[in-house]
Amino acid sequence: MDTVREPLLVLDGTLRIRSANRSFFEQFHVSPEHTQGILIYELGNRQWDIPALRKLLEEVLPHNTVMTDFLVEHDFPVIGQKAMLLNARKLRYEEEDLILLAIEDITDRRHFEIEQEHFMHELANRNEGLAQFAQVAGHDLRTPLSAIAGFVHILQRRYTGQLDAGFDEFLGRMVESTKSMADLLSDLLQYAQVGEVSGPATHKANAEQVLDTVLGNLQPVINANNAVVTHDPLPSVSIDPTSLTQLLQNLIVNGIQYRRAGEVPRIHVSARQDREDFCLFSVSDNGIGIQAEHRKNIFAPFRRLHGDERPGTGLGLAITQRIVERYGGDIWVESQPGKGSVFYFTIPCLDSAFLSHPSVD
Ligand code: ADP
């Protein structure tokens with residue numbers, strides 16, 4: 001018993017202490033003389049006199065029960081506030097029934113758990129606060145912005161070609177700026193809302209159907225750029241269809257947007273099995289590519305490599321990363337500058353044809 005690091009007590013049938021190990025004497029600052037033969041409730045100024053503990057201990061011998069992880073939180077006069085887990089069971093020794101009581105000090109662990117709970121709670125609150133702030137700001141800014149856009153439109157209709165050339169150019173720039181700001185607000189809202197599902201959550205999407213929807217949404221961009229988007233058979237996946245739409249749409253738009261001059265943009269979407277229960281999707285393009293040093297940081301919000309020469313908010317990849325990580329997956333890019341890029345992401349898969357261990361259902 002003395003080699004065990006947990007404090008141990010052996011009690012007889014009347015709950016008097018028969019013996020204790022070294023760890024018990026050390027941790028509770030008591031000596032063997034003040035311990036042996038004493039009723040457990042009377043030990044150290046009756047600090048173990050806890051009715052619920054007494055009831056449980058009294059049942060161990062008559063009913064041969066095992067007491068498991070009974071939590072005691074107590075302010076001990078000498079050693080201070082402690083949280084302990086008590087475990088007790090019957091012990092037969094030299095024809096006598098005894099109780100072996102093991103005491104595990106979990107004070108530090110409890111502190112840590114309480115701190116962690118507190119921290120998680122605070123983090124959740126702050127996250128919620130931030131999401132709400134982004135939403136309110138997004139909505140509230142939209143109203144004045146659409147008023148500005150409306151008036152600029154009227155000015156353009158009434159006065160284009162009637163005042164000097166500078167005036168037409170300034171109006172054109174105002175139209176562009178209001179459009180950029182509207183895009184930014186809508187992306188900010190999307191970013192803040194990642195993971196919020198309106199209506200009942202359906203964490204099931206058929207990637208081929210979703211891709212069809214995406215191609216429908218992107219028809220004007222595809223036509224304007226003469227882009228060619230192809231795909232292999234795609235699986236059903238365990239994420240909500242809106243999130244998958246955002247994911248594929250952002251990556252395909254980028255593949256078209258960051259095209260090489262004089263090349264028909266060619267985007268190909270493919271999927272295969274990854275680690276257990278996950279599928280690895282790839283969206284490849286033949287665009288301008290991305291230098292090695294930028295391949296990680298383009299996923300951070302507002303990180304743009306091609307600044308002003310191409311439209312964009314710098315939030316598309318941040319949104320995709322947030323979605324993928326929410327589902328326990330990863331996203332990364334491989335690229336050959338001047339030749340093209342392949343964006344890879346992993347998400348939970350439902351399709352047995354894409355899994356090495358087909359699911360039972
Ligand atoms: P945005 O496209 O609005 O700028 P994103 O977050 O979608 O924002 O992309 C961040 C940056 O990563 C882009 O500005 C661009 O420089 C680079 N990038 C993204 N996708 C591609 C791609 N397929 N090919 C080359 N560069 C890309």
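A pocket, as the word is used here, is an open set of grid points with protein on both sides within 12 Å along at least five of seven lines. In this predicted model, the ligand sits in the largest pocket.

The ligand is surrounded by 20 residues. The closest of them are Asn254, Tyr258, Arg304, His306 and Leu317. Sorted by class, this shell holds 8 nonpolar, 9 polar and 3 charged residues.

| Residue | Part of the residue | Distance to a ligand oxygen atom |
|---|---|---|
| Asn254 | side-chain N or O atom | 2.8 Å |
| Leu305 | polar backbone atom | 3.1 Å |
| Gly316 | backbone N or O atom | 3.3 Å |

On its own, the ligand has 530 Å² of accessible area, and the protein covers 97% of this.

As for the chain as a whole, the domain assignment divides the protein into domain 1 (8–105), domain 2 (107–196) and domain 3 (199–361). Between the C-alpha centres of domain 1 and domain 2 there is a distance of 62 Å.

How values were computed: Residues are numbered from 1 along each chain as its sequence is written. This is a predicted model: local features need pLDDT of at least 70, side-chain atom pairs count only at pLDDT 80 or more; totals for chains, interfaces and linings use all residues. Side-chain values use heavy atoms; hydrogens and water are left out. A residue is near a molecule or strand if one of its heavy atoms lies within 4 Å of it. A polar contact is a pair of N or O atoms within 3.5 Å; within protein, one must be able to donate a hydrogen and the other to accept it, and residues adjacent in sequence count only if both atoms are side-chain atoms. Accessible areas come from the Shrake-Rupley method with a 1.4 Å probe; for residues, only the protein chains shown count as cover. On a 1 Å grid over the protein atoms alone, a cavity is a set of points where a 1.4 Å probe fits but cannot get out, and a pocket is an open set with protein on both sides within 12 Å along at least five of seven lines; lining residues have an atom within 4 Å of a point. A molecule sits in a cavity or pocket if more than half of its atoms lie within 2 Å of its grid points. Ala, Val, Leu, Ile, Met, Phe, Trp, Tyr, Cys and Pro count as nonpolar, Asp, Glu, Lys and Arg as charged, and the others, Gly among them, as polar. Domain bounds come from an automatic or database domain assignment.
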